[in-house]
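Dear colleague,

Please find below the structure that I am handing over to you. My notes on it follow directly after.

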Amino acid sequence: MAAVDEFKIQQWMVENRSLEYVEGVLREMDADIETFEAYVVAFKKAKRSKRVTNGFILMAAGAVLGFVGFILTVTNIFPGMFYVTLFGFTTVSAVLVGWGLYLVLE
């Protein structure tokens with residue numbers, strides 16, 4: 001298998017390049033088929049890894065927000081904000097967890 005320059009892959013990730021751009025650059029370099037496929041696979045893997053990491057971060061944020069909403073609702077520290085803590089925090093945390101699951105499972 002051809003050696004892949006990880007620095008170049010990370011550079012494309014930082015620049016938020018698309019797969020079409022990467023394929024175009026590889027065509028301009030006149031890369032052989034094995035190198036071309038190795039770079040495309042490595043780029044897709046890096047994109048997927050970034051997406052999964054963001055998904056886990058969103059799920060963790062949603063879980064923490066849901067726990068905070070639960071604690072505030074049960075203890076009823078702010079009686080005037082009972083419904084905000086009950087429904088607001090729960091809704092936002094459920095959306096964050098769902099969005100995170102979508103990113104991880106897709």
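Predicted model: local features only at pLDDT ≥ 70, side-chain atom pairs only at ≥ 80, totals over all residues.

Residues are numbered from 1 along each chain as its sequence is written, and side-chain values use heavy atoms, with hydrogens and water left out.

Overall form

The C-alpha trace spans about 70 × 20 × 20 Å along its principal axes. The radius of gyration is 21 Å, while a compact globule of 106 residues would have one near 13 Å; the value is taken over C-alpha atoms, and the globule rule is 2.2 Å times the number of residues to the power 0.38. Of the contacts with a separation of 6 or more, 71% are between residues 24 or more positions apart, a contact being heavy atoms within 4.5 Å.

Buried residues account for 25% of the 106 residues. Here buried means under 20% relative accessible area, exposed means over 50%, and partly exposed lies in between (1.4 Å probe, protein chains only).

Helix 3

Helix 3 covers residues 33-75 and includes G66. G66 is partly exposed, at 23% relative accessible area.

With a relative accessibility of 17%, T35 is buried. The side chain of T35 makes a polar contact of 2.4 Å with the side chain of D32. Such a contact is a pair of N or O atoms within 3.5 Å; within protein, one must be able to donate a hydrogen and the other to accept it, and residues adjacent in sequence count only if both atoms are side-chain atoms.

Two loop residues

Most residues other than glycine have a negative phi. N16, which is not a glycine, has a positive phi of about 60°. N16 sits in the loop between helix 1 (6-14) and helix 2 (19-28) and is exposed, at 55% relative accessible area. D30 likewise has a positive phi, near 55°. D30 lies in the loop between helix 2 and helix 3 and is exposed, at 68%.

Yours sincerely

Methods
Helix = DSSP H or I, 4+ residues; strand = E, 2+ residues; numbered from the N terminus.
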